[in-house]
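Please read these notes with the sequence and the model side by side.

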Amino acid sequence: MHAEFGDDPSGSAVFRTSFKRSFHVVDNLEPISSYPLLMGLDFGRDPCAVICQPDHKGRLLVLEEIIAEDMGLETQLQQGIKPVLMSERYLGRSVIVVGDPAGRQRSTLYEETSFDLIKRYGLMAYPAPTNDVDKRLGAVEAWLLGQRDGGPAMVIDGSRCPTLVRALDGGYRYGKTRNGMRKPSPEKNEYSHIADALQYAAVTAHGGMGEMIANRLMAPPKRSTRQRMNASAWT
């Protein structure tokens with residue numbers, strides 16, 4: 001038996017018309033050397049993450065998902081994100097983390113933002129350009145509908161992103177009202193957190209912010225322009 005998710009006949013799947021498993025999903029997608037990684041991260045009690053990489057062809061490679069269920073961000077960093085980034089597959093690569101701009105709000109208990117916490121674990125972290133759901137979904141749509149050299153603009157590693165593939169293939173859906181009308185925003189379910197993580201990475205890469213940050217990472221350090229002080233000046 002080879003069972004796969006079929007098209008959602010109700011039309012409520014968010015990416016029903018733009019995502020095609022046979023076109024967008026491959027097995028054993030390898031990261032490109034010398035290019036930074038772009039990690040989209042959803043906050044909350046299910047802080048799922050997805051590791052992406054814009055490549056030299058203008059594609060967005062979706063390399064791996066890191067699923068979290070009912071845990072805090074620090075636990076996810078300790079048990080999920082850091083071990084994956086320290087694996088041989090990613091070791092030594094520059095990583096840029098982008099997440100919900102609401103993560104800039106300080107915790108009432110520790111006076112620390114989600115981005116402060118990520119930086120404390122040695123990762124560069126920035127708010128995504130927007131948290132507008134329409135713009136986020138539009139960015140994912142643009143990647144899914146785009147092509148590069150006759151192939152997809154967004155390429156997903158199906159073996160390392162099974163939950164994300166199921167989300168794009170119908171699990172991530174619009175909710176409905178009591179009278180059967182479609183709600184304007186996707187519903188929160190077991191697929192929405194990894195879908196949100198992808199949206200933060202997609203909207204960052206689509207808007208060029210990821211390239212700007214990557215250029216900063218790869219630029220040589222600036223030399224100090226401060227003039228040397230003669231030792232006699234101290235006497």
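1. Basis. This is a predicted model, in which local features need pLDDT of at least 70 and side-chain atom pairs count only at pLDDT 80 or more, while totals for chains, interfaces and linings use all residues. Residues are numbered from 1 along each chain as its sequence is written, and side-chain values use heavy atoms, with hydrogens and water left out.

2. The chain overall. The secondary structure comes to 7 helices and 11 strands; helices (H or I, at least four residues) and strands (E, at least two) are DSSP runs, numbered from the N terminus. Of the 235 residues, 48% are buried. Buried means under 20% relative accessible area, exposed over 50%, and partly exposed in between (1.4 Å probe, protein chains only). Among contacts with a separation of 6 or more, 69% join residues 24 or more positions apart, a contact being heavy atoms within 4.5 Å. The accessible surface is about 13300 Å², and carbon and sulfur atoms hold 49% of that surface; the areas come from the Shrake-Rupley method with a 1.4 Å probe, and for residues only the protein chains shown count as cover.

3. Helix α4. This helix covers residues 133–145, and its 13 residues reach 18 Å from first C-alpha to last, close to the 18 Å expected at 1.5 Å a residue. The expected span is 1.5 Å times one less than the number of residues. Buried in α4 are Arg136, Leu137, Ala139, Val140, Trp143 and Leu144. Seen down the helix axis, the buried residues of α4 fall within an arc of 150°, so they line one face; the arc is that of the directions from the axis to the C-beta atoms. An α-helix has 3.6 residues a turn, so residues three or four places apart point the same way. Asp134, Lys135 and Leu145 are exposed on the other side of α4.

4. The start of α4. Here a side-chain oxygen of aspartate 132 comes to within 3.0 Å of the backbone nitrogen of aspartate 134. Threonine 130 sits in the loop between β6 (124–127) and α4, and is buried at a relative accessible area of 16%. A polar atom of the threonine 130 side chain lies 2.9 Å from the backbone nitrogen of aspartate 132. Leaving aside neighbours within four places in sequence, threonine 130 is in contact with Pro101, Lys135, Arg136, Tyr200 and Val203.

5. Helix α6. Residues 192–206 form this helix of 15 residues, which reaches 20 Å from first C-alpha to last, close to the 21 Å expected. The helix is mostly covered, with 13 of its 15 residues buried.

6. Cysteines. How many disulfides does a search of the whole structure find? The count is 0, a disulfide being a pair of cysteine sulfur atoms within 2.5 Å. The sulfur of cysteine 52 is 7.7 Å from its closest cysteine sulfur, in cysteine 161, which is too far for a bond. Cysteine 52 is buried at 0% relative accessibility, and cysteine 161 is buried at 0%.

7. Positive phi. Serine 34 is not a glycine, but its phi is near 70°. Serine 34 lies in the loop between β1 (25–26) and β2 (37–41) and is exposed, with a relative accessible area of 59%. Aspartate 70 has a positive phi of about 50°. The place of aspartate 70 is the loop between β4 (60–66) and α2 (73–85), where this residue is exposed at 58% relative accessibility.

Note on methods
A polar contact is a pair of N or O atoms within 3.5 Å; within protein, one must be able to donate a hydrogen and the other to accept it, and residues adjacent in sequence count only if both atoms are side-chain atoms.
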